[in-house]
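Please keep the sequence and the structure in view while reading.

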Amino acid sequence: MLSSTLAVVGTDMGNVQLPDPARGGLRIEQHTGLTDDFVDFFAHVGEDGTSCAQAARDLAQVTVHDVESDPVFTEPARRAILAAGSRACHSVPLTTASGLCVGMVSAHVDRPLDALTTAQTKTLDVVGGQAGRWLAWHDRTVVLDALEHLHTLGSAGRGSSFRRA
């Protein structure tokens, strides 16, 4: 998803965020081309003050044409983005078929960004929907199957010594 988004937007800086069930908001899961300071600052973002938070809230792509002047950012977030060499960004929500946001991909560009074309935004909608549906499937099947397996192992070992193989 990250490499596809970066290719469509035409940049080599970006990140993937997943929901943080313990704290709410989003946490960085994967990134490329971004500074350590950027990753540290945005390791967790809340529900406002960034383009990714707005995209998650609105369930819609958000383009920031110029980070320097866009009101979506808090001042600390703006400074952190500019210090990383990003002047513009585009955030794509990863959505399920039922319309839940299960992740976010953001591309960062080192210059102010014109509007993406209709073809670019449609491509990112499709890729974001596919990735969102896959993440939802993964949570419903793989994660639950693993938890059920652990429960079965735990139940089978009650009252006896239990050893790993």
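## Surface and overall dimensions

The accessible surface of the protein chain amounts to about 9300 Å², and carbon and sulfur atoms account for 54% of that area. The model is a predicted one. Its C-alpha trace extends about 65 × 35 × 25 Å along the principal axes.

The protein chain has 165 residues, of which 41% count as buried. Contacts between residues at least 6 apart in sequence may also be considered: 54% of these join residues at least 24 apart.

## Order of the elements

The protein chain contains 5 helices and 6 strands. Read from the N terminus, these elements follow the pattern α-β-β-α-β-α-β-α-β-β-α.

In what order do the strands of the open sheet lie? The 6 strands are arranged as E3-E2-E1-E6-E5-E4, and their pairing is antiparallel. At the edges are strand E3 (44-45) and strand E4 (62-64), each of which pairs on one side only. In general, the strands of a sheet pair through backbone hydrogen bonds, and such pairing is either parallel or antiparallel.

Asn15 has Ser106 in E6 as its bridge partner. Helix H1, formed by residues 2-9, packs on the sheet and touches E1, strand E2 (26-32), strand E5 (88-95) and E6. The direction of helix H1 makes about 40° with that of E6.

Most residues other than glycine have a negative phi. Leu59 is not a glycine, yet its phi is positive, at about 55°. This residue is found in the loop between helix H3 (51-58) and E4.

Is Leu59 buried, partly exposed or exposed? Leu59 counts as partly exposed because its relative accessibility is 39%, a value in the range between the cut-offs of 20% for buried and 50% for exposed.

## A nonpolar patch on the surface

Which residues form a nonpolar patch on the surface? The patch is made up of Leu144, Leu147, Leu150 and Leu153. Together, these leucines have about 360 Å² of accessible area. Leu147, one of the residues of this patch, lies in helix H5, which covers residues 118-156.

Terms used:
Residues numbered from 1 in each chain as written. Predicted model: local features only at pLDDT ≥ 70, side-chain atom pairs only at ≥ 80, totals over all residues. Heavy atoms only, no water. Pairing = 2+ DSSP bridges. Helix = DSSP H or I, 4+ residues; strand = E, 2+ residues; numbered from the N terminus. Contact = heavy atoms within 4.5 Å. Axes fitted to C-alpha atoms, helices over the stretch in contact; angles between N-to-C directions. Patch = residues over 30% accessible without salt bridge, like charges linked within 9 Å, V, L, I, M, F, W, Y side chains within 5 Å. Areas by Shrake-Rupley, 256 points an atom, 1.4 Å probe, with all protein chains shown as cover. Salt bridge = Lys/Arg side-chain N within 4 Å of Asp/Glu carboxyl O. Buried < 20%, exposed > 50% of the residue type's maximum accessible area, 1.4 Å probe, protein only.
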